[in-house]
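My notes follow, in the order I looked things up.

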Amino acid sequence: MGKKTLVLYPWLGVGHLNPMVELAKTLMRHGLGVIIAIVDAPDTDAVSAAAVARLAAANPAIAFRLLPSPASPDLGAHPVKRSIDTMRLANPALRDLLRSLPAADALLLDMFCVDALDVADELGVPAYFFCPTAASDLAVLLNLPYYYPTVPSFREMGKTTLVRCFPGMPPIRAMDMLQTVHDKESDATKVRLYQFKRLAEARGVLVNSFDWLETWALKALDDGVCVPGRPTPRVYCIGPLVNDGHKAAERGGERHECLVWLDAQPRRSVVFLCFGSMGTFSAAQLQEMARGLESSGHRFLWVVRSPPEEKSQFPEPDLERLFPAGFLERTRNRGMVVKNWVPQSEVMQHEAVAAFVTHCGWNSTLEAIMSALPMICWPLFAEQRMNKVFMVEEMKIAVEMEGYEEFVKAEEVEAKVRLVMDTDQGKMLRERLANAKEKGLEAIHEGGSSEAAFAKFLRDMEVEKMP
């Protein structure tokens, strides 16, 4: 019997493709064949051909298939609705690919690709979802289609109203709930609730997390309290799946200038500020951040993009104009500002880095955990505010940058940097992160919880394919 082949089907964003690639590597280590099918979407936020080419070159053992661009959805629709419509319109191309293969033993879908369930059902291919965010998020999202119809819009609930969707869920302020569902009557909310309801139709969900980190959420999922009236899909915690920066560095090539700069800094002395592939701030907020960093007295490595209002005109930020007069000169001996991009995983694993100011994207959070870096949370959009609650309140691996909802003052930036770098609370955070890293490594090593979950997924998949 030949080796099994799994087709991975990511959503349009690079932040969703990267974890799929890490999942593919794990599958191949277990002797499985992998094909990643990527929709060539006519959308500016879609995965770029350059990103796919870069990933394909770095991972020659993975077969990447670009599916032809589907008919354009309503370009005036909300971006979330447009992207889910795009994936639905790509169903014929996915069906053609699956039929062309000698065998497809399972389809692993991104959480946005719910309409691909129809193709899987038609062809008799077992379908699973891959959740690239926290199990805690999954628990909430599965429950929202049942909870939200019974309450007002999150936007109307006010800043202090707490949401508890199901028993055992930690309290989350309504304003920190998933950003795209704040207006109950919006098209975005309606399409997201449709999406979340369909998640429960899959044979199971693979989650990029590990048992020790999210015990409350996994208990809720296991107890079936998130999806009332029907079975909850089996959940397999198989993480942490993160990019190994050291291996990337070993492949050769010229090192990024920021890594060379870090080499010259004392051990555990640098605060790293990076906010994902789409994280931007207003010019006024950048000025305030600069003042706070300067006042903190600490070394920093900061990735800066042009403000959203200037991005189309200035794809590369004009730092001299954006920052307070003389900032770059005054901080040149202890700070480095990089435009647009750095090799994040390599930076995080550098011994000079001591703390991470983050947008709370889940990929970045896991990379920080596996680098034992305490985090300062500055969530921006999507589920990042929910992640902030879980990271600060439940996991206790981070502190919150107060004011992130509107505007963060320089004094707050200074205070939080000093807290993590200089205080006993910061020391306790570092100890907690060192322990979290150890637990994460244990989970993915032989005999660990994530390895056991992965083995169970493979066994269950075998059973699903039996006639």
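**Around helix α8**

I started with what covers the buried residues of α8, and the cover includes α6 (135-147), β9 (234-237) and α16. Contact here means heavy atoms within 4.5 Å. Helices are DSSP runs of H or I with at least four residues, strands are runs of E with at least two, and both are numbered from the N terminus. α8 itself covers residues 215-223, and its buried residues are Trp216, Ala217, Leu218, Ala220 and Leu221. I use buried for under 20% relative accessible area, exposed for over 50% and partly exposed for in between, with a 1.4 Å probe and protein chains only. After α8 comes Gly224, with a positive phi near 75°.

**Ground rules**

This is a predicted model, so I note that local features need pLDDT of at least 70, side-chain atom pairs count only at pLDDT 80 or more, and totals for chains, interfaces and linings use all residues. Residues are numbered from 1 along each chain as its sequence is written, and side-chain values use heavy atoms, with hydrogens and water left out.

**The whole chain**

I found 19 helices and 15 strands in the chain. How does the radius of gyration fit a compact globule? For 467 residues the rule gives a value near 23 Å, and the chain has 22 Å, which agrees. That radius is taken over C-alpha atoms, and the rule is 2.2 Å times the number of residues to the power 0.38. The C-alpha trace spans about 70 × 55 × 45 Å along its principal axes. Of the 467 residues, 58% count as buried. Among contacts with a separation of 6 or more, 72% come from residues 24 or more positions apart.

**Lys388**

Is Lys388 buried or exposed? Lys388 is buried, at 4% relative accessible area. I place Lys388 in helix α16, residues 384-394. Its side chain makes a polar contact with the side chain of Tyr404, at 3.0 Å. For that term I need a pair of N or O atoms within 3.5 Å; within protein, one must be able to donate a hydrogen and the other to accept it, and residues adjacent in sequence count only if both atoms are side-chain atoms. Leaving out residues up to four places away in sequence, Lys388 touches Arg173, Asp176, Cys360, Cys377, Pro379, Glu400 and Tyr404.

Most residues other than glycine have a negative phi, and most peptide bonds are trans. I then went through the exceptions. Cys360, one of the residues touched by Lys388, has a positive phi of about 75° although it is not a glycine. Cys360 sits in the loop between β13 (353-358) and α15 (362-369) and is buried, with a relative accessible area of 0%. Ala372 is another non-glycine with a positive phi, near 55°, and I found Ala372 in the loop between α15 and β14 (375-377). The peptide bond from Gly239 to Pro240 is cis, with omega near 5°. Pro240 belongs to the loop between β9 and α9 (245-250).

**Gly276**

My last stop was Gly276, in the loop between β10 (270-274) and α11 (283-296). Gly276 is buried, with a relative accessible area of 15%. Which residues does Gly276 touch, not counting those up to four places away in sequence? I noted Arg305 and His359.
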